[in-house]
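User: Could you go through the pockets and ring contacts of this model with me?
Analyst: Gladly; here is the structure to look at.
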Amino acid sequence: MEKLENGLNKYLMPLADKINRNKVMTAIKEGMMSSLPVTLIASVALILSNFPFLSDFAPSVDAILKKIFAPISPVTLGLLAIYVIVGTARSYSKQKDIDPLYGIMCALASFLLVTPFTAVSDVVVNGETIKGAIVNGLIPTNVLGASGVFPALLITFISISVLAYLHNKDFTIKMPDSVPENVAKPFLSIIPFGGAILVALAIRLIFEMTSFGTLQNCVDTIITKPFLSFGNNIWVFLFILIVAQVLWFFGIHGTNLVLNTVWQPIAMVAMAANLEAFNAGEPLPYVLTAAFTCFTGQAKLSEIVALCVVGKSKQSKAIGKLSLVPALFNIHEPFVFGLPVIMNTTLMLPWIFVEALQAGLAYLLVILTGAIPIFQAPWTCPPIIQQLIATNFNPWSVVITIATFALGFVIWIPFMKLLDKQYLAAEKEQETSGDSV
């Protein structure tokens, strides 16, 4: 244990800490998290406008719901890249000591500048359909949705870096001290803002000379598709889960350090792509998205129930009762810190590996049944309800939830018995010493 802890402190901790403190990674994490209300609202709207079996039993009600809630998707999922720019630019500007307002405006202007205002589409002219027509004077919505997130992030970091560099090098227009601050501040940003715009213009012109044509096409080919493929790899996901659990074992918030920083941004984009596909009636392209965590977030409930079932010591019973109700709403801190799990060598092996095993089983069953989680339900939803919402009320989600719970419960039982015996022996020894006194 001491060697393992020393090894983590020497090799893993510095790397995790460096990633967590990195300005770019922090901005991505905060930017993606800030877009969570957008994806949740979009999910609710899609659920209501595509309620299972409603079109068969009440088609008129289904048509009304579709008409009411259909406009929400284009202004939420359809503009996801814009919302990500706002959140990311705000965070990165603060870290660069730039006024967030001008950072956001600079990032938005730069992103729109590298975006072509043309689209190839079928158009109807005087009742006649013209296929493959080039339409000018519009922004293609496909570059503003999920597929536009990574180009949006890239141009945000480039534009704000240029803005911050010129601002910090004092390439500014300074007004006399007598000029009010609200008047003087915009002048400070004029030259840095202009420099960032010129860089964005140069990027646009350079890509127009390549086979890609646009920055968005290049990023989609070189970055977006490989990253989404990486994030959708079950072995990568399981490895990240195990690393997070190892960090948790030593009292370090592994979810924030590893899962939320490395995997979550990719998973959010994949979930948005699934939502767009679902809304269009197309096959879902990804399985491991942010919505998939509905099958992993409830994993710790199995170990708490195991403790309640086999626990005979006073400590086990007390912690079990205290932890069970919060765990039903995905709150596990009373168990993790109260039992405790942290630095508890008896529970080390199941703590590190059981959640990954449950996630692997869930992934296998999702592939077999087709019950792919689409929506990211609120994380405090109780088991069964959360999975039903996430999969658009697919009944197989109940089977998957019960199966993963049962797997965890069975594996945890012998370890909880062993821990409970230790607690019973300690309580007996304490009672004996008390009687002798």
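User: By class, how many nonpolar, polar and charged residues does the lining of the second largest pocket have?
Analyst: The lining of the second largest pocket has 13 nonpolar, one polar and no charged residues, where Ala, Val, Leu, Ile, Met, Phe, Trp, Tyr, Cys and Pro count as nonpolar, Asp, Glu, Lys and Arg as charged, and the others, Gly among them, as polar. Bear in mind that this is a predicted model, in which local features need pLDDT of at least 70 and side-chain atom pairs count only at pLDDT 80 or more, while totals for chains, interfaces and linings use all residues. Residues are numbered from 1 along each chain as its sequence is written, and side-chain values use heavy atoms, with hydrogens and water left out.
User: Where does the second largest pocket lie?
Analyst: The second largest pocket lies between domain 1 (1-25 + 233-436) and domain 2 (78-230), because both give residues to its lining; the domain bounds come from an automatic or database domain assignment. A pocket here is an open set of points on a 1 Å grid over the protein atoms alone, where a 1.4 Å probe fits, with protein on both sides within 12 Å along at least five of seven lines, and lining residues have an atom within 4 Å of a point.
User: And which residues are nearest its centre?
Analyst: Of the 14 residues lining the second largest pocket, I28, F150, L153, I223 and F227 lie nearest its centre.
User: Two Phe there; how are the rings of F150 and F227 arranged?
Analyst: F150 and F227 form an edge-to-face pair, 5.7 Å centre to centre with 70 degrees between the planes, given that rings of Phe, Tyr and Trp (its six-membered ring) pair if their centres lie within 6.5 Å, and that planes under 30 degrees apart count as stacked, over 60 as edge-to-face and the rest as tilted. The pair links distant parts of the chain, with F150 in helix α9 and F227 in helix α11, 77 residues apart; helices are DSSP runs (H or I, at least four residues), numbered from the N terminus.
User: Is F150 buried or exposed?
Analyst: F150 is buried at 10% relative accessible area, whereas F227, at 41%, is partly exposed; buried means under 20%, exposed over 50%, and partly exposed in between, with a 1.4 Å probe and protein chains only.
User: Switching topic, what is the volume of the largest pocket?
Analyst: The largest pocket holds about 970 Å³, a volume being the space filled by probe spheres set on the points, which are joined across faces, edges and corners. T255, N260, G297, N330 and W379 are the closest to its centre among 32 lining residues, and α13 supplies the largest share of the lining, five residues.

Note on methods. Helix = DSSP H or I, 4+ residues; strand = E, 2+ residues; numbered from the N terminus.
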